[in-house]
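Keep the structure open as you read.

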Amino acid sequence: MTTTERAMVVHQQEPYNAEPPRSALAESVVTPVGVFYGRNHGTMPRIEPQDWRLQVDGMVDRPLELSLADLKDRFAHREVVATLQCAGNRRAGLMAVRDIPGQHPWGPGATSTARWGGVSLADVLAAAGLQPGATDIAFAAPDVAPEASPPQTYGASISVAKATAGETMLVWEMNGEPLPVAHGGPVRVVVPGHIGARSVKWVERITAQGRPSDNFFQTSAYRLLPADTDLSRTRVGDGFPLTAVALNSDILRPDDHAVLPSGPTRVLGYAYAGDDRGISRVDVSVDGGRSWQQAELEADLGPWAWRFWHATVGLPAGEVTITARAWDTTAALQPEHPESVWNPKGYINNAWPTVTVTACDAVA
Ligand SMILES: Nc1nc2c(c(=O)[nH]1)N[C@H]1C(S)=C(S)[C@@H](COP(=O)(O)O)O[C@H]1N2
Ligand SMILES: [Mo]
(Lines give C-alpha, C1' and ligand atoms only; values in the text may rest on other atoms or scores of the structure.)
(Ligands and ions follow the chains in the order given, each with its own letter.)
Protein backbone atom coordinates (compact mmCIF):
# COMPACT_ATOMS: atom_id res chain seq x y z
CA MET A 1 0.00 0.00 0.00
CA THR A 2 1.39 3.40 -0.95
CA THR A 3 1.37 6.48 1.27
CA THR A 4 -1.39 8.06 -0.80
CA GLU A 5 -3.62 4.99 -0.48
CA ARG A 6 -3.06 4.94 3.26
CA ALA A 7 -4.10 8.59 3.33
CA MET A 8 -7.57 7.77 2.03
CA VAL A 9 -10.61 7.41 4.28
CA VAL A 10 -12.13 4.17 2.97
CA HIS A 11 -15.91 3.92 3.49
CA GLN A 12 -16.20 0.59 1.68
CA GLN A 13 -13.71 -1.79 0.04
CA GLU A 14 -16.12 -3.49 -2.40
CA PRO A 15 -17.52 -1.62 -4.16
CA TYR A 16 -14.67 0.78 -3.49
CA ASN A 17 -15.68 4.08 -1.91
CA ALA A 18 -12.99 6.36 -0.49
CA GLU A 19 -12.18 10.02 0.02
CA PRO A 20 -8.98 11.94 0.71
CA PRO A 21 -8.60 13.82 4.00
CA ARG A 22 -8.69 17.63 3.98
CA SER A 23 -4.89 17.81 4.16
CA ALA A 24 -4.46 15.81 0.92
CA LEU A 25 -6.95 17.98 -0.99
CA ALA A 26 -5.27 21.14 0.33
CA GLU A 27 -1.91 20.19 -1.20
CA SER A 28 -2.73 21.17 -4.76
CA VAL A 29 -5.60 22.77 -6.65
CA VAL A 30 -5.44 19.99 -9.24
CA THR A 31 -5.87 16.82 -7.19
CA PRO A 32 -3.20 14.12 -7.71
CA VAL A 33 -4.77 11.01 -9.26
CA GLY A 34 -3.71 8.90 -6.24
CA VAL A 35 -5.88 10.87 -3.81
CA PHE A 36 -8.83 11.71 -6.10
CA TYR A 37 -11.99 10.42 -4.38
CA GLY A 38 -13.53 7.18 -5.63
CA ARG A 39 -17.28 6.57 -5.76
CA ASN A 40 -18.52 3.22 -7.09
CA HIS A 41 -21.92 1.55 -7.04
CA GLY A 42 -20.65 -1.80 -8.33
CA THR A 43 -17.54 -3.79 -9.12
CA MET A 44 -15.19 -1.95 -11.48
CA PRO A 45 -15.16 -3.56 -14.92
CA ARG A 46 -11.74 -4.22 -16.47
CA ILE A 47 -11.80 -3.39 -20.15
CA GLU A 48 -8.61 -3.44 -22.23
CA PRO A 49 -8.28 -0.17 -24.16
CA GLN A 50 -8.03 -2.07 -27.48
CA ASP A 51 -11.27 -3.97 -26.69
CA TRP A 52 -13.30 -0.91 -25.72
CA ARG A 53 -16.10 0.10 -28.11
CA LEU A 54 -18.62 2.90 -27.90
CA GLN A 55 -22.08 2.66 -29.49
CA VAL A 56 -23.79 5.94 -30.35
CA ASP A 57 -27.42 5.26 -31.20
CA GLY A 58 -31.05 6.29 -30.72
CA MET A 59 -32.31 9.48 -32.36
CA VAL A 60 -29.30 10.01 -34.62
CA ASP A 61 -29.01 9.99 -38.41
CA ARG A 62 -25.81 7.91 -38.42
CA PRO A 63 -25.40 5.42 -35.54
CA LEU A 64 -21.70 5.01 -34.74
CA GLU A 65 -19.45 2.33 -33.32
CA LEU A 66 -16.17 3.88 -32.22
CA SER A 67 -12.93 2.43 -30.85
CA LEU A 68 -10.52 4.47 -28.74
CA ALA A 69 -8.33 4.83 -31.86
CA ASP A 70 -11.36 6.20 -33.75
CA LEU A 71 -11.98 8.80 -31.03
CA LYS A 72 -8.33 9.87 -31.18
CA ASP A 73 -8.22 9.97 -35.02
CA ARG A 74 -11.58 11.49 -35.88
CA PHE A 75 -12.08 14.25 -33.31
CA ALA A 76 -10.12 17.24 -32.03
CA HIS A 77 -8.27 16.61 -28.74
CA ARG A 78 -9.50 18.84 -25.92
CA GLU A 79 -8.75 19.38 -22.25
CA VAL A 80 -10.84 20.72 -19.41
CA VAL A 81 -9.94 21.32 -15.77
CA ALA A 82 -13.09 20.20 -14.00
CA THR A 83 -14.14 19.50 -10.44
CA LEU A 84 -16.19 16.40 -9.76
CA GLN A 85 -18.41 16.58 -6.70
CA CYS A 86 -20.47 13.67 -5.46
CA ALA A 87 -24.01 14.61 -4.47
CA GLY A 88 -23.25 12.83 -1.18
CA ASN A 89 -20.23 15.02 -0.40
CA ARG A 90 -20.42 16.37 3.21
CA ARG A 91 -23.29 14.00 4.06
CA ALA A 92 -21.74 13.45 7.51
CA GLY A 93 -22.77 17.02 8.32
CA LEU A 94 -26.40 16.13 7.58
CA MET A 95 -26.18 12.87 9.54
CA ALA A 96 -25.13 14.93 12.57
CA VAL A 97 -28.53 16.65 12.30
CA ARG A 98 -30.54 13.46 11.83
CA ASP A 99 -29.44 9.95 10.88
CA ILE A 100 -29.47 8.86 7.23
CA PRO A 101 -29.41 5.04 7.27
CA GLY A 102 -27.83 3.03 4.47
CA GLN A 103 -25.71 5.83 2.98
CA HIS A 104 -21.96 6.44 3.23
CA PRO A 105 -21.05 9.17 5.74
CA TRP A 106 -18.94 11.18 3.27
CA GLY A 107 -16.87 13.91 4.86
CA PRO A 108 -15.37 16.89 3.03
CA GLY A 109 -13.47 14.86 0.44
CA ALA A 110 -16.06 13.42 -1.99
CA THR A 111 -14.91 16.10 -4.41
CA SER A 112 -11.69 16.55 -6.38
CA THR A 113 -10.39 18.35 -9.45
CA ALA A 114 -8.47 16.98 -12.44
CA ARG A 115 -7.31 18.01 -15.88
CA TRP A 116 -9.25 15.73 -18.21
CA GLY A 117 -8.18 15.03 -21.78
CA GLY A 118 -10.24 13.57 -24.60
CA VAL A 119 -12.85 14.79 -27.05
CA SER A 120 -15.91 16.97 -26.78
CA LEU A 121 -19.15 14.97 -26.69
CA ALA A 122 -20.62 17.72 -28.92
CA ASP A 123 -18.22 16.70 -31.72
CA VAL A 124 -19.16 13.01 -31.45
CA LEU A 125 -22.89 13.81 -31.42
CA ALA A 126 -22.43 16.09 -34.45
CA ALA A 127 -20.78 13.21 -36.32
CA ALA A 128 -23.76 11.00 -35.48
CA GLY A 129 -26.23 13.70 -36.51
CA LEU A 130 -28.62 14.42 -33.64
CA GLN A 131 -32.26 14.38 -34.72
CA PRO A 132 -34.49 17.34 -33.78
CA GLY A 133 -36.74 15.41 -31.36
CA ALA A 134 -33.85 14.34 -29.10
CA THR A 135 -34.03 16.03 -25.68
CA ASP A 136 -31.78 13.82 -23.54
CA ILE A 137 -28.49 11.97 -23.98
CA ALA A 138 -28.30 8.74 -21.98
CA PHE A 139 -25.05 7.03 -20.95
CA ALA A 140 -24.76 3.33 -20.15
CA ALA A 141 -21.92 1.45 -18.43
CA PRO A 142 -21.38 -2.29 -17.81
CA ASP A 143 -20.85 -2.24 -14.00
CA VAL A 144 -23.74 -3.84 -12.10
CA ALA A 145 -25.07 -1.98 -9.07
CA PRO A 146 -26.56 -4.40 -6.53
CA GLU A 147 -28.13 -1.54 -4.53
CA ALA A 148 -30.38 -0.57 -7.48
CA SER A 149 -33.88 -2.00 -7.59
CA PRO A 150 -33.98 -4.07 -9.64
CA PRO A 151 -30.16 -4.63 -9.69
CA GLN A 152 -28.94 -3.12 -12.96
CA THR A 153 -25.98 -1.64 -14.75
CA TYR A 154 -25.05 1.98 -14.03
CA GLY A 155 -26.47 4.75 -16.19
CA ALA A 156 -27.51 8.40 -16.25
CA SER A 157 -28.60 11.09 -18.68
CA ILE A 158 -28.13 14.79 -19.28
CA SER A 159 -29.99 17.29 -21.43
CA VAL A 160 -29.08 17.69 -25.10
CA ALA A 161 -28.17 21.31 -24.27
CA LYS A 162 -25.55 20.18 -21.72
CA ALA A 163 -24.32 17.33 -23.94
CA THR A 164 -23.70 19.67 -26.88
CA ALA A 165 -22.39 22.64 -24.87
CA GLY A 166 -18.74 21.80 -25.54
CA GLU A 167 -17.53 21.27 -21.98
CA THR A 168 -19.06 17.80 -21.71
CA MET A 169 -16.33 15.36 -22.69
CA LEU A 170 -15.43 11.75 -23.36
CA VAL A 171 -12.05 11.44 -21.67
CA TRP A 172 -9.19 8.91 -21.57
CA GLU A 173 -6.60 11.12 -19.82
CA MET A 174 -6.50 12.37 -16.23
CA ASN A 175 -3.79 14.89 -15.30
CA GLY A 176 -1.91 13.85 -18.44
CA GLU A 177 -1.86 10.14 -17.59
CA PRO A 178 -4.02 7.38 -19.09
CA LEU A 179 -7.36 7.38 -17.23
CA PRO A 180 -7.06 4.71 -14.48
CA VAL A 181 -9.67 1.93 -14.31
CA ALA A 182 -10.73 3.28 -10.90
CA HIS A 183 -11.80 6.55 -12.52
CA GLY A 184 -13.54 5.02 -15.53
CA GLY A 185 -10.74 3.93 -17.88
CA PRO A 186 -10.50 3.28 -20.76
CA VAL A 187 -13.08 6.07 -21.37
CA ARG A 188 -15.55 7.95 -19.18
CA VAL A 189 -17.92 10.86 -19.53
CA VAL A 190 -17.09 14.10 -17.68
CA VAL A 191 -20.03 16.48 -17.25
CA PRO A 192 -18.44 19.61 -15.73
CA GLY A 193 -20.72 21.50 -13.36
CA HIS A 194 -23.14 18.60 -12.84
CA ILE A 195 -23.17 16.22 -9.85
CA GLY A 196 -20.54 13.48 -10.16
CA ALA A 197 -23.20 10.82 -10.78
CA ARG A 198 -23.73 12.07 -14.35
CA SER A 199 -20.04 11.58 -15.26
CA VAL A 200 -20.52 7.93 -16.21
CA LYS A 201 -17.37 5.79 -16.00
CA TRP A 202 -16.53 2.95 -18.44
CA VAL A 203 -19.18 4.35 -20.79
CA GLU A 204 -20.05 1.95 -23.61
CA ARG A 205 -23.28 3.32 -25.02
CA ILE A 206 -24.60 6.80 -25.70
CA THR A 207 -28.25 7.06 -26.73
CA ALA A 208 -30.09 10.13 -27.98
CA GLN A 209 -33.70 9.98 -26.86
CA GLY A 210 -36.84 12.00 -26.16
CA ARG A 211 -36.89 11.45 -22.38
CA PRO A 212 -34.40 11.12 -19.50
CA SER A 213 -32.70 7.77 -18.82
CA ASP A 214 -34.90 5.22 -17.05
CA ASN A 215 -31.86 3.93 -15.16
CA PHE A 216 -32.34 3.63 -11.36
CA PHE A 217 -29.64 6.26 -10.74
CA GLN A 218 -31.60 8.80 -12.79
CA THR A 219 -35.18 7.96 -11.81
CA SER A 220 -34.86 6.91 -8.15
CA ALA A 221 -31.43 7.77 -6.73
CA TYR A 222 -29.83 11.23 -6.91
CA ARG A 223 -33.15 12.98 -6.46
CA LEU A 224 -33.85 15.57 -3.81
CA LEU A 225 -36.76 14.47 -1.64
CA PRO A 226 -38.69 16.61 0.87
CA ALA A 227 -37.46 16.22 4.46
CA ASP A 228 -40.68 14.50 5.59
CA THR A 229 -40.58 11.79 2.89
CA ASP A 230 -41.26 8.24 4.09
CA LEU A 231 -38.54 6.33 2.20
CA SER A 232 -40.52 3.06 2.41
CA ARG A 233 -43.27 4.64 0.29
CA THR A 234 -41.33 6.54 -2.37
CA ARG A 235 -42.10 5.89 -6.01
CA VAL A 236 -40.01 6.14 -9.13
CA GLY A 237 -39.82 9.77 -10.16
CA ASP A 238 -40.49 11.26 -6.69
CA GLY A 239 -38.58 14.42 -5.84
CA PHE A 240 -36.55 16.21 -8.47
CA PRO A 241 -33.40 15.00 -10.22
CA LEU A 242 -30.11 16.62 -9.24
CA THR A 243 -28.30 18.17 -12.17
CA ALA A 244 -26.05 21.20 -11.56
CA VAL A 245 -23.89 21.22 -8.44
CA ALA A 246 -25.07 23.72 -5.83
CA LEU A 247 -22.82 26.54 -4.63
CA ASN A 248 -20.55 24.99 -2.03
CA SER A 249 -17.27 25.51 -0.19
CA ASP A 250 -15.18 23.86 2.47
CA ILE A 251 -12.22 24.52 4.74
CA LEU A 252 -9.26 22.26 3.85
CA ARG A 253 -6.65 23.67 6.24
CA PRO A 254 -6.35 23.66 9.23
CA ASP A 255 -7.82 20.23 9.76
CA ASP A 256 -10.88 19.70 11.95
CA HIS A 257 -9.72 19.03 15.56
CA ALA A 258 -6.22 20.37 14.86
CA VAL A 259 -4.19 21.68 17.81
CA LEU A 260 -2.18 24.74 16.78
CA PRO A 261 -0.66 27.93 18.15
CA SER A 262 -2.95 30.91 18.74
CA GLY A 263 -2.32 34.09 16.74
CA PRO A 264 -2.20 34.59 12.97
CA THR A 265 -3.26 31.41 11.18
CA ARG A 266 -3.64 30.76 7.48
CA VAL A 267 -6.96 29.16 6.53
CA LEU A 268 -7.28 27.54 3.10
CA GLY A 269 -10.27 26.08 1.31
CA TYR A 270 -12.17 25.74 -1.94
CA ALA A 271 -15.38 27.21 -3.28
CA TYR A 272 -17.28 25.89 -6.26
CA ALA A 273 -20.52 26.67 -8.06
CA GLY A 274 -21.69 24.33 -10.77
CA ASP A 275 -22.71 25.09 -14.34
CA ASP A 276 -22.49 28.69 -15.50
CA ARG A 277 -21.88 30.31 -12.12
CA GLY A 278 -18.51 31.46 -10.76
CA ILE A 279 -17.30 32.33 -7.27
CA SER A 280 -17.57 36.02 -6.34
CA ARG A 281 -16.50 36.11 -2.70
CA VAL A 282 -15.57 33.95 0.27
CA ASP A 283 -15.64 35.12 3.91
CA VAL A 284 -14.12 33.54 7.00
CA SER A 285 -15.20 33.97 10.63
CA VAL A 286 -13.56 32.87 13.89
CA ASP A 287 -16.39 34.10 16.12
CA GLY A 288 -19.30 32.01 14.90
CA GLY A 289 -20.33 34.46 12.18
CA ARG A 290 -20.55 37.66 14.25
CA SER A 291 -17.75 39.18 12.20
CA TRP A 292 -16.28 38.17 8.85
CA GLN A 293 -13.06 38.65 7.04
CA GLN A 294 -12.89 38.47 3.26
CA ALA A 295 -10.65 35.71 1.89
CA GLU A 296 -8.38 36.07 -1.11
CA LEU A 297 -9.39 34.03 -4.14
CA GLU A 298 -6.50 32.08 -5.69
CA ALA A 299 -5.88 31.29 -9.38
CA ASP A 300 -8.92 30.89 -11.62
CA LEU A 301 -8.55 27.58 -13.47
CA GLY A 302 -11.60 28.21 -15.63
CA PRO A 303 -15.36 27.98 -15.27
CA TRP A 304 -15.48 24.26 -14.44
CA ALA A 305 -12.92 24.15 -11.64
CA TRP A 306 -13.26 24.94 -7.98
CA ARG A 307 -11.48 28.05 -6.72
CA PHE A 308 -8.99 27.80 -3.87
CA TRP A 309 -9.05 30.68 -1.38
CA HIS A 310 -7.07 31.62 1.72
CA ALA A 311 -7.21 34.10 4.58
CA THR A 312 -4.99 34.82 7.56
CA VAL A 313 -7.12 35.03 10.68
CA GLY A 314 -6.22 35.78 14.30
CA LEU A 315 -6.98 32.72 16.42
CA PRO A 316 -7.74 33.45 20.08
CA ALA A 317 -6.51 30.86 22.59
CA GLY A 318 -8.96 28.07 23.35
CA GLU A 319 -11.41 26.07 21.27
CA VAL A 320 -12.23 28.01 18.12
CA THR A 321 -14.73 27.23 15.37
CA ILE A 322 -13.67 28.56 11.98
CA THR A 323 -16.59 29.15 9.59
CA ALA A 324 -16.57 29.98 5.87
CA ARG A 325 -19.26 31.09 3.43
CA ALA A 326 -19.18 31.65 -0.33
CA TRP A 327 -21.18 33.76 -2.78
CA ASP A 328 -21.53 32.93 -6.44
CA THR A 329 -21.80 35.27 -9.42
CA THR A 330 -25.63 35.29 -9.13
CA ALA A 331 -25.19 36.68 -5.56
CA ALA A 332 -26.49 33.42 -4.09
CA LEU A 333 -25.01 32.71 -0.65
CA GLN A 334 -24.56 29.26 0.87
CA PRO A 335 -27.27 28.36 3.41
CA GLU A 336 -26.16 28.82 7.01
CA HIS A 337 -27.38 25.65 8.71
CA PRO A 338 -27.30 21.99 7.68
CA GLU A 339 -30.75 21.69 9.32
CA SER A 340 -32.20 23.79 6.52
CA VAL A 341 -30.89 21.52 3.75
CA TRP A 342 -31.38 18.12 5.45
CA ASN A 343 -33.01 15.60 3.10
CA PRO A 344 -33.69 11.85 3.49
CA LYS A 345 -30.94 10.65 1.10
CA GLY A 346 -28.40 13.17 2.38
CA TYR A 347 -27.53 14.93 -0.85
CA ILE A 348 -26.02 18.38 -1.52
CA ASN A 349 -24.98 19.54 1.93
CA ASN A 350 -23.84 23.04 1.05
CA ALA A 351 -24.28 24.65 4.46
CA TRP A 352 -21.53 26.95 5.77
CA PRO A 353 -18.50 24.71 6.45
CA THR A 354 -16.82 24.74 9.84
CA VAL A 355 -13.75 23.22 11.49
CA THR A 356 -13.11 23.32 15.21
CA VAL A 357 -9.53 23.70 16.39
CA THR A 358 -7.77 24.15 19.71
CA ALA A 359 -5.46 27.16 19.75
CA CYS A 360 -2.73 27.20 22.42
CA ASP A 361 -0.77 30.22 23.63
CA ALA A 362 2.93 29.87 22.98
CA VAL A 363 4.86 29.00 26.14
CA ALA A 364 7.42 31.73 26.87
N1 LIG B 1 -20.23 3.39 -14.40
C2 LIG B 1 -20.28 4.14 -13.29
N3 LIG B 1 -20.08 5.47 -13.40
C4 LIG B 1 -20.12 6.24 -12.29
C5 LIG B 1 -20.36 5.70 -11.01
C6 LIG B 1 -20.55 4.30 -10.92
O7 LIG B 1 -20.76 3.72 -9.84
N8 LIG B 1 -20.50 3.55 -12.09
N9 LIG B 1 -20.43 6.53 -9.91
C10 LIG B 1 -20.79 7.93 -10.19
C11 LIG B 1 -20.68 8.82 -9.05
S12 LIG B 1 -21.97 8.76 -7.95
C13 LIG B 1 -19.66 9.73 -8.93
S14 LIG B 1 -19.68 10.87 -7.70
C15 LIG B 1 -18.51 9.72 -9.87
C16 LIG B 1 -17.22 9.46 -9.12
O17 LIG B 1 -16.13 9.44 -10.00
P18 LIG B 1 -14.70 9.00 -9.41
O19 LIG B 1 -14.83 7.64 -8.78
O20 LIG B 1 -13.76 9.03 -10.58
O21 LIG B 1 -14.33 10.03 -8.39
O22 LIG B 1 -18.63 8.71 -10.87
C23 LIG B 1 -19.95 8.49 -11.33
N24 LIG B 1 -19.90 7.58 -12.45
MO1 LIG C 1 -21.73 10.52 -6.56
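## Leucine 252

Leucine 252 sits in strand S16, which spans residues 248-253 (strands are DSSP E runs of at least two residues, numbered from the N terminus). This is a predicted model, where local features need pLDDT of at least 70, side-chain atom pairs count only at pLDDT 80 or more, and totals for chains, interfaces and linings use all residues. Residues are numbered from 1 along each chain as its sequence is written, ligands are numbered from 1 in the order written, and side-chain values use heavy atoms, without hydrogens or water.

Leucine 252 counts as buried because its relative accessibility is 1% (buried means under 20%, with a 1.4 Å probe and protein chains only). Its C-alpha atom is 6.9 Å from that of leucine 25, 227 residues away along the chain.

The largest nonpolar core has 53 residues, and Leu71, Ile137, Phe139, Leu170 and Val203 touch the most other members (a core is a set of buried Ala, Val, Leu, Ile, Met, Phe, Trp, Tyr and Cys residues joined through side-chain atoms within 4.5 Å). Domain 1 (3-241) and domain 2 (248-360) each supply at least three residues to this core, with bounds from an automatic or database domain assignment. A second, separate core has 22 residues, among them Ala258 and Val284.

## Ligand 1

Tyr37, Asp143, His183, Arg188 and Lys201 come nearest of the 19 residues around ligand 1 (near means a heavy atom within 4 Å). A side-chain N or O atom of arginine 188 is 2.8 Å from an oxygen atom of the ligand, while a backbone N or O atom of serine 199 lies 3.0 Å from a nitrogen atom of ligand 1.

Note on methods
Buried means under 20% relative accessible area, exposed over 50%, partly exposed in between (1.4 Å probe, protein chains only). A polar contact is a pair of N or O atoms within 3.5 Å; within protein, one must be able to donate a hydrogen and the other to accept it, and residues adjacent in sequence count only if both atoms are side-chain atoms. Helices (H or I, at least four residues) and strands (E, at least two) are DSSP runs, numbered from the N terminus.
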